[in-house]
Amino acid sequence: MALLIGPSSVGKSLLLKRLTTDEKDKELVATVPSIGTSLVKVQVSRKKSVTIRELGGSMAPVWPDYYSDVAAIIFVVDASNLQQVGAATIQFIHLLNSPQTQSSKILLLFNKLDLVTSEADKGKFMHLFMLDDILRHSRQEVSVAEVSALNRTGFAAMKEWLELCA
């Protein structure tokens, strides 16, 4: 099982819905902010599916209660939202410092890249997130990927990671 967490309004629910719908389906799927938790089975390859538990951003205080039951954790960040970067960084550092996650595989997923207007804006976000420092000091194996839940960019790499880690 994998855990999908991140601040509110980063696109976790849309990401899950797009992972479970046909890639040919271009229609946008309406989502509402997640209040609780949901379980979704995602087919990551022909032979393997993974159950992903999504926890709403408003549930951040209880995220640690779910850390011990999972092999992999996906932490989603909205790469287009500079106002949210500080809070997201702190939440991610808390995740990395939790005793229950020391043997977990972690994927840091930068979502909404379709809304980032330039490489300079992307670089600014990564600098504010302190990504290099976080990766240098992390005791866990942390992978980083960039996606767009809207147009499915980066989904193949995310599914490959899930197949290997969850």
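**Entry 1: annotated binding site**

I looked up the UniProt record, an unreviewed entry, which places the feature "binding site" at Ser13 and Ser34. In this predicted model, I found that the two residues cluster in space although they are spread over 22 residues of sequence, the largest C-alpha distance being 7.2 Å. I noted that the lining of the largest pocket includes both Ser13 and Ser34.

**Entry 2: Ser13**

I located Ser13 in helix 1, which spans residues 12-20. Is Ser13 buried or exposed? I recorded Ser13 as buried, because its relative accessibility of 14% is under the 20% limit. Setting aside residues up to four places away in sequence, I listed its contacts as Thr31, Val32, Ser34 and Glu54.

**Entry 3: Ser34**

I placed Ser34 in the loop between helix 1 and strand 2 (37-43). Beyond its neighbours within four places in sequence, I found Ser34 in contact with Ser13, Glu54, Gly56, Gly57 and Ser58.

**Entry 4: largest pocket**

I then examined the largest pocket, which holds about 360 Å³ of space. It is lined by 22 residues, and those closest to its centre are Ser9, Val10, Gly11, Lys12 and Thr31. Which element gives the largest share of this lining? I found that helix 1 does, with three residues. By class, I counted eight nonpolar, 10 polar and four charged residues in the lining.

**Entry 5: second largest pocket**

For the second largest pocket I noted a volume of about 150 Å³. I recorded its lining as Ile93, Leu96, Asn97, Met130, Asp133, Ile134, His137, Ser138, Arg139 and Gln140. Helix 2 and helix 4 are the elements that give two or more residues to this lining. I sorted the lining into four nonpolar, four polar and two charged residues.

**Entry 6: nonpolar cores**

I turned to the largest nonpolar core, of 27 residues, in which Ile5, Phe92, Leu108, Phe110 and Phe129 touch the most other members. I found at least two core residues in each of strand 1 (2-5), strand 4 (72-78), helix 2 (85-97), strand 5 (105-111), helix 3 (119-129) and helix 4 (131-137). Helix 2 supplies the largest share, five residues. For Leu108, leaving out residues up to four places away in sequence, I listed contacts including Phe75, Val77, Phe92, Phe129 and Leu131. Apart from this core I noted another, of 24 residues, among them Ile74, Phe155, Met158 and Cys165.

Note on methods. Residues are numbered from 1 along each chain as its sequence is written. This is a predicted model: local features need pLDDT of at least 70, side-chain atom pairs count only at pLDDT 80 or more; totals for chains, interfaces and linings use all residues. Side-chain values use heavy atoms; hydrogens and water are left out. UniProt positions are given in the numbering used here, feature names are shortened, and annotations may be inferred rather than shown by experiment. On a 1 Å grid over the protein atoms alone, a cavity is a set of points where a 1.4 Å probe fits but cannot get out, and a pocket is an open set with protein on both sides within 12 Å along at least five of seven lines; lining residues have an atom within 4 Å of a point. Helices (H or I, at least four residues) and strands (E, at least two) are DSSP runs, numbered from the N terminus. Buried means under 20% relative accessible area, exposed over 50%, partly exposed in between (1.4 Å probe, protein chains only). Contact means heavy atoms within 4.5 Å. A nonpolar core is a set of buried Ala, Val, Leu, Ile, Met, Phe, Trp, Tyr and Cys residues joined through side-chain atoms within 4.5 Å. Grid points are joined across faces, edges and corners, and a volume is the space filled by probe spheres set on the points. Ala, Val, Leu, Ile, Met, Phe, Trp, Tyr, Cys and Pro count as nonpolar, Asp, Glu, Lys and Arg as charged, and the others, Gly among them, as polar.
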